[in-house]
Amino acid sequence: MSDFPPYPSGLRLSGRHVLVVGGGHVAQRRIPSLIAAGADVHVVAPEVTPAIEGLVGSGEVTWHQRSYQVADLDPAWYVIAVTDDRVVNDEISDACEERRLFCVRSDDATLGSAWTPAVGRHAGVTVAVLGNRDPRRSASVRDEILTGLRDGSISARHHRERTPGVTLVGGGPGDPELISIAGRKALMEADVVVADRLAPRELLGDLPADVELIDVAKLPRGRSAQQEEINRLIVEHALAGKRVVRFKGGDNFVFGRGYEEILACREAGVPVEVIPGLTSPVAVPAIAGIPVTHRGVTHEFSVVSGHLPPGHPESLVDYTALARMQGTVVVMMGVQNAPAIAEALVSGGRPASTPVAVVCDGTMPTERTVLATLGTLAERLDAEQVRPPAIIVIGEVVRVAHPDGFPA
Ligand code: SAH
């Protein structure tokens with residue numbers, strides 16, 4: 001047998017007769033991918049495993065319950081010899097050789113004329129790896145490639161069928177592992193990425209070199225003008241035929257002004273989609289070990305923006321109602337106004353002893369949790385020099401996570 005490498009080929013087996021001789025575990029492992037390729041699978045064997053019998057029962061393979069005979073090769077396009085009898089396998093592969101039929105042998109690959117690669121599929125791409133007859137090596141290379149395709153670290157950009165438009169992608173709380181698979185894929189397929197300050201930075205480092213990155217944290221301040229500029233940017237690039245990803249921390253619809261961008265796209269007739277992200281008011285406490293609900297402790301949680309102090313004429317948060325509720329309150333953008341928020345909750349009826357956890361820089365190397373109560377929050381934030389971004393969790397769930405942090 002030669003030492004030349006194999007010549008890879010994508011066999012299109014749909015509707016074609018494939019002969020599998022043998023009904024044991026090796027046959028069982030090979031048959032599903034033949035079925036998936038649409039092959040007309042015929043198994044010749046006196047006995048088969050229960051799994052193969054199941055496939056026979058469901059009509060996915062045809063079973064000829066007997067020993068192999070050379071006439072079995074007549075209708076076949078492709079042959080897999082997987083009996084446990086070497087002599088029979090020899091007989092099959094020799095007969096195939098004579099008839100110029102490709103034959104796979106599981107007992108001794110060097111005696112076959114075809115090898116079965118380790119195979120995986122992702123989003124219409126078939127990956128097949130031939131690891132020089134080391135099946136574990138092939139399988140592990142295949143797995144690495146599939147993982148890369150799934151998480152987007154290997155880019156499988158569509159070069160045909162690319163439609164321009166805008167995709168809002170939520171990047172999660174910061175750790176690059178916490179973006180969704182769909183989000184990562186959209187990033188890797190983008191032509192232009194418009195990113196915020198809180199969008200997971202590390203993921204931007206992985207972008208293909210030809211992707212244009214626009215960092216809107218650098219746009220001049222002055223809030224509404226900035227948002228208008230972002231709307232203008234994404235629409236303009238999409239109208240120029242680009243795939244635009246609007247990339248934010250957490251979820252774009254949670255205090256992310258995402259829907260304003262949707263409206264701007266619709267108004268301009270630009271197709272727009274949304275890929276949700278893990279939102280920080282749930283994910284950051286979770287990473288810090290604090291559940292936002294716990295059976296028997298709270299049946300509700302409220303997420304509020306603390307960017308305006310209680311009583312501010314433009315504030316849309318009803319602190320009186322929040323104070324009367326019993327559940328967890330999660331405050332975002334609230335570091336500056338936390339003292340006033342704690343005061344409003346206490347004067348509305350929440351006990352000053354209510355446990356509070358402030359989780360700063362969630363999922364980042366500098367992450368830390370500062371414990372306090374509603375009564376001590378102002379003082380603790382000051383003493384610990386807490387700076388945004390931080391998530392403030394208020395309620396008995398904090399005691400569940402930190403039973404020793406609070407006197408009973
Ligand atoms: N769209 C984002 C929130 C944007 S508002 C989301 O869904 O998570 C910005 C606020 O989110 C910050 O002020 C802070 O309260 C919170 N935040 C976001 N990421 C955070 C993180 N990694 N750690 C702590 N707080 C975070």
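Which residues are linked with K248 in a network of salt bridges? The network holds D196, R246, K248 and E261. Keep in mind that this is a predicted model.

A quick word on the idea. Side chains of opposite charge can pair when their charged atoms come close. In this structure, the count comes to 17 salt bridges. I'll walk through three of them.

Start with K248 and D196. They form a salt bridge, and their closest N and O atoms are 2.7 Å apart. Now find them along the chain. K248 sits in strand β11, residues 243-248. D196 sits in the loop between β9 (192-195) and α6 (201-205). Are they buried or exposed? Both K248 and D196 are buried.

Next, E260 and R257. Their side chains meet in a salt bridge at 2.9 Å, N to O. What about their surroundings? E260 has a relative accessible area of 35%. R257 has 34%. Buried would need under 20% and exposed over 50%, so both count as partly exposed.

Last pair: E384 and R368. Here the closest N and O atoms of the salt bridge are 3.4 Å apart. Again, distant parts of the chain are linked. E384 is in the loop between α12 (377-383) and β17 (390-394). R368 is in strand β16, residues 368-373. E384 is partly exposed, at 29% relative accessibility. R368 is partly exposed too, with a relative accessible area of 32%.

Terms used. Residues numbered from 1 in each chain as written. Predicted model: local features only at pLDDT ≥ 70, side-chain atom pairs only at ≥ 80, totals over all residues. Heavy atoms only, no water. Salt bridge = Lys/Arg side-chain N within 4 Å of Asp/Glu carboxyl O. Helix = DSSP H or I, 4+ residues; strand = E, 2+ residues; numbered from the N terminus. Buried < 20%, exposed > 50% of the residue type's maximum accessible area, 1.4 Å probe, protein only.
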